[in-house]
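Visitor: I'd like to learn how to read a fold by walking through one. Could you take me through it feature by feature?

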Amino acid sequence: MARVPTSKDVAKVAGVSQSTVSYVMSGKRPISEKTRRLVEDAMEQLLYQPHAGARALAGQRTNIIAIVHPVLSNFGVGGIMAFIDEIATQARRRDYDVLLVTAAEGESSLRRVAGRALCDAMVVMEVKAEDDRAEVSRGLAQPSLFIGYPDEALLPGNTLRCIDFDFGRGAELLVGELAAAGAPEVVVLGWSPEVVARGVNYVPRFRRAAQAAASAVGLPLRWVEAPRDPVALGVTLEEVLSGPVRPGLVLTDGVPEIVSALLGRGTRPGRDVDVVALCTDGEAQGQAVPVTNVSTQPRDVSRRAVEWLFELLDDPAAPGEIRLVPATLVRRRSVRSAH
């Protein structure tokens with residue numbers, strides 16, 4: 001077993017005294033930015049972590065929760081703001097602040113934040129089906145909670161703590177609604193190719209469940225990746241809707257853009273085509289034709305995540321498990337049988 005690095009090792013790599021390392025970590029004395037960077041780089045290189053027990057005895061909790069979510073240039077932060085806002089709100093109620101870690105560094109982002117003792121616990125987001133951060137999280141002193149779960153969390157002996165919306169049940173409800181309305185076929189206008197390429201875990205979970213739900217009632221299902229470009233989206237809708245059979249549509253992303261494009265071509269949801277969506281209630285209700293939907297419940301997921309995370313601060317040895325927030329369907333005016 002490899003020897004655990006100490007502050008003496010950090011001092012040696014950084015070329016400073018051991019007391020300087022202590023001052024950088026404690027903030028008890030002013031340290032030049034150059035020296036601080038040398039020490040922090042050495043800590044990251046060695047994967048050095050201040051002893052968690054010693055920090056607790058010294059009362060040196062940071063009262064900070066880190067949210068690890070890479071912000072990708074093509075997407076920005078708009079899609080995750082409900083999560084971040086609710087996590088921050090729940091943290092503040094417990095006298096904690098939030099550190100947002102947005103660098104797309106993969107496992108090194110966890111090591112950097114943990115190694116520099118910047119937080120007491122971490123929420124890991126944008127979870128991939130195969131996510132290298134899972135293995136790293138197991139070796140950190142700070143407890144971590146994943147919003148979403150990698151495939152390995154389903155294996156026996158899982159030690160990861162994961163929470164997410166039940167995308168599988170959401171898919172079943174949406175497909176079932178179209179089947180009950182008499183749709184001869186279901187077309188899922190799925191996440192764009194850019195989203196699929198990110199490897200996020202919820203896309204295959206939703207897709208598998210939708211296909212199984214359609215197969216169970218003998219309903220044909222097609223999966224069409226909906227492009228973000230308006231012109232390309234228009235072409236896709238024309239291809240989907242121009243056949244002899246008018247399918248029911250399941251929208252999973254870009255709901256305002258798709259509803260607008262449908263109306264732009266004279267196709268009204270609830271009159272000319274049945275439409276259901278996986279989106280928040282606010283987004284569904286805000287359309288020109290309110291859309292029957294299953295909400296992904298970002299605020300409920302975030303609230304439950306913070307509650308669990310604070311339980312882990314008191315009991316860091318708690319076993320791994322997956323918790324799913326139940327899915328519910330709200331009927332509005334975009335499915336003809338709902339009138």
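Visitor: How many bridges join strand 6 and strand 8, and do they run parallel or antiparallel?

Guide: In this predicted model, strand 6 (residues 186-190) and strand 8 pair in the parallel sense, over four bridges. One of the pairs to look for is Val 186, whose bridge partner in strand 8 is Gly 248.

Visitor: And which strand runs parallel to strand 8 over three bridges?

Guide: That's strand 9 (residues 275-278). Find Val 250 and you'll see Val 276 of strand 9 opposite.

Visitor: How do I read the side chains of a strand like that?

Guide: The general idea is that in a regular strand the side chains alternate between the two faces of the sheet. Here, Gly 248 and Val 250 point one way from strand 8, while Leu 249 and Leu 251 point the other way. All four are buried.

Visitor: Why does Gly 248 count as buried?

Guide: Because its relative accessibility is 1%, and the cut-off for buried is under 20%.

Visitor: What surrounds Gly 248, leaving aside its neighbours within four places in sequence?

Guide: Gly 248 is in contact with Leu 178, Ala 183, Glu 185, Val 186, Val 187 and Asp 274. Take Ala 183: it is 65 residues from Gly 248 along the chain, yet their C-alpha atoms are separated by 5.4 Å.

Visitor: Leu 178 sits in helix 8, I think. How should I read a helix?

Guide: Start with the general rule: an α-helix has 3.6 residues a turn, so residues three or four places apart point the same way. Now the case. Helix 8 covers residues 167-180, and its 14 residues reach 20 Å from first C-alpha to last, close to the 20 Å expected. Its buried residues include Ala 171, Leu 174, Val 175 and Leu 178. Just after the helix, Gly 182 takes a positive phi of about 90°.

Visitor: What about helices that pack on each other?

Guide: Two packed helices are described by the angle between their axes and the distance between the axes. Helix 8 and helix 10 (residues 202-216) pack at about 40°, with axes 8 Å apart, in a right-handed crossing. From helix 8, the residues involved include Phe 167, Ala 171 and Leu 174, and from helix 10 they include Phe 206, Ala 210 and Ala 213. By class, that contact has 10 nonpolar, two polar and two charged residues.

Visitor: At what angle do helix 11 and helix 12 pack?

Guide: About 65°, with the axes of helix 11 (residues 230-241) and helix 12 (residues 255-264) 10 Å apart. This crossing is right-handed too. Leu 233, Leu 237 and Leu 241 of helix 11 meet Glu 257, Ile 258, Ala 261 and Leu 262 of helix 12. The count by class is six nonpolar, no polar and one charged.

Visitor: What is the strand order in the open sheet of six strands?

Guide: The order is 2-1-3-4-5-11, with parallel pairing. Strand 2 (97-101) and strand 11 (321-325) stand at the edges with a single partner strand each, so one side of each has no neighbour in the sheet. From one strand to the next, the twist averages 20°.

Visitor: Which helix packs on that sheet and touches strand 1, strand 2, strand 3 and strand 4?

Guide: Helix 5 (residues 81-92), whose direction makes about 150° with that of strand 2. Helix 6 (residues 107-115) lies across strand 1, strand 2 and strand 3, at about 165° to strand 3.

Terms used. Residues are numbered from 1 along each chain as its sequence is written. This is a predicted model: local features need pLDDT of at least 70, side-chain atom pairs count only at pLDDT 80 or more; totals for chains, interfaces and linings use all residues. Side-chain values use heavy atoms; hydrogens and water are left out. Buried means under 20% relative accessible area, exposed over 50%, partly exposed in between (1.4 Å probe, protein chains only). Contact means heavy atoms within 4.5 Å. Helices (H or I, at least four residues) and strands (E, at least two) are DSSP runs, numbered from the N terminus. The expected span of a helix is 1.5 Å times one less than its number of residues. Two strands pair if DSSP finds at least two bridges between them. Axes are lines fitted to C-alpha atoms, for helices over the stretch in contact, and angles run from 0 to 180 degrees between N-to-C directions. A crossing is left-handed if the near helix is turned anticlockwise from the far one by less than a right angle, and right-handed if clockwise. Ala, Val, Leu, Ile, Met, Phe, Trp, Tyr, Cys and Pro count as nonpolar, Asp, Glu, Lys and Arg as charged, and the others, Gly among them, as polar.
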